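This report covers a protein–protein interface and a DNA contact surface. The sequence and structure come first.

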Number of protein chains: 2
Amino acid sequence: MFSIGELSKRTKVKVPTIRYYEEMGLLAEPERTAGNQRRYTNEGLERLSFIRHARDLGFSIEAISSLIELQNHPDRSCEAATKIAEGQLSEVRAKIKRLKALENELKRIAQGCDGRGVVEDCYVLASLADHDLCDQDH
Amino acid sequence: MFSIGELSKRTKVKVPTIRYYEEMGLLAEPERTAGNQRRYTNEGLERLSFIRHARDLGFSIEAISSLIELQNHPDRSCEAATKIAEGQLSEVRAKIKRLKALENELKRIAQGCDGRGVVEDCYVLASLADHDLCDQDH
DNA sequence: TGTAGTGCCTCTAGTGACTAGAGGTTCAAG
DNA sequence: CTTGAACCTCTAGTCACTAGAGGCACTACA
């Protein structure tokens, strides 16, 4: 049995964030001391580690909620879990694609100006003002 | 002179968003009709196109604010503008790097399970529960 | 056993960049 | 002159936290 501060240290999740997860229903409400302070067991620690790892991988609170719901039914098919992970993967891939297009455009814009001229002739500002100067979609 | 709806159509920025930009000080307060409705000129249209393009490229409202401030002083050096664009570029690159690490991890996790088993043995869920199963930092 | 100091409690409000809705007014077409 | 779409302001909600106020609980040491 350990306090919320101890749990925070072990999982590297901040104390208010732990309380927030509890409020969102991701973490079960733990036992309390006579003085109303939260006391966690290893189960709470494992659950929070799971949540943190999933958040690190970019899963939304809602997706994590579904995954936890699944964990509570070990006998069900894990198809849904795989689907959620695949969904997350395609979101990440879409973001990468978009960011790469932005990277190219920004590179072109930033290289077009050495920063030594004046604002009036600045290629950076001209590019932002006029989309037609762009190479690609974004 | 045209209405906010017309401006919205031409720039593809939603009406409430235009009002929001005005409130944030990105757009100058336009003239009003006798009945208190906004009326824009070409200047407003150009300004909003600039903002939209910069937002599409991921610049924050704050960064755009600085860029607009610069535009109001055409005689100044454009070093600051170039710096802002370069800053944005490195942020984008950092995001891409992080997302690529996530992509690898998610690919590995999603491939580890064909979705045909049961939750109890699911590699997706096991991977999320145990960070040690991961290949790389993320 | 007393006390100091850190940690914990709840509650409210703020972040960024919008988005949604209520309730009311104005405009333009027919 | 009427109808209905577009406009107005204001408040509140989104997501995943983060910050702060004001007050109580726990623990270590004297």
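## Salt bridges and polar contacts

In this predicted model, B:R93 pairs with A:E103 in a salt bridge. Their closest N and O atoms are 2.9 Å apart. The rule finds two salt bridges across the interface of chain B and chain A. Polar contacts between the two chains number 18 residue pairs, both residues at pLDDT 80 or more.

## The side of chain B

On the side of chain B that touches chain A, the elements giving two or more residues are α3 (42-56), α4 (61-71), α5 (79-111) and α6 (123-129). α5(B) gives the most, with 21 residues. By type, this side of chain B divides into 27 nonpolar, twelve polar and 14 charged residues.

## Extent of the interface

Chain A contributes 53 residues to the contact, and chain B contributes 53 residues. About 4500 Å² is buried between the chains, 75% of it on carbon and sulfur atoms. In chain B, the residues that lose the most area to chain A are B:H53, B:L106 and B:L128. Together they account for 15% of what that side buries.

## DNA strand C

DNA strand C is surrounded by 18 residues. The closest are A:G5, A:R19, A:R38, B:Y21 and B:R55.

Phosphate oxygens of DNA strand C lie 2.2 Å from a side-chain N or O atom of A:R19 and 3.2 Å from one of A:R32. For B:G35, a backbone N or O atom is 3.1 Å from a phosphate oxygen. The largest share, three residues, comes from α2(B). That surface holds four nonpolar, nine polar and five charged residues.

Note on methods:
Residues numbered from 1 in each chain as written. Chains lettered and ligands numbered in written order. Predicted model: local features only at pLDDT ≥ 70, side-chain atom pairs only at ≥ 80, totals over all residues. Heavy atoms only, no water. Near = heavy atom within 4 Å. Polar contact = N/O pair within 3.5 Å; in protein donor to acceptor, adjacent residues only side chain to side chain. Helix = DSSP H or I, 4+ residues; strand = E, 2+ residues; numbered from the N terminus. Nonpolar A, V, L, I, M, F, W, Y, C, P; charged D, E, K, R; others polar. Contact = heavy atoms within 4.5 Å. Buried area = accessible area lost by both parts, 1.4 Å probe. Salt bridge = Lys/Arg side-chain N within 4 Å of Asp/Glu carboxyl O.
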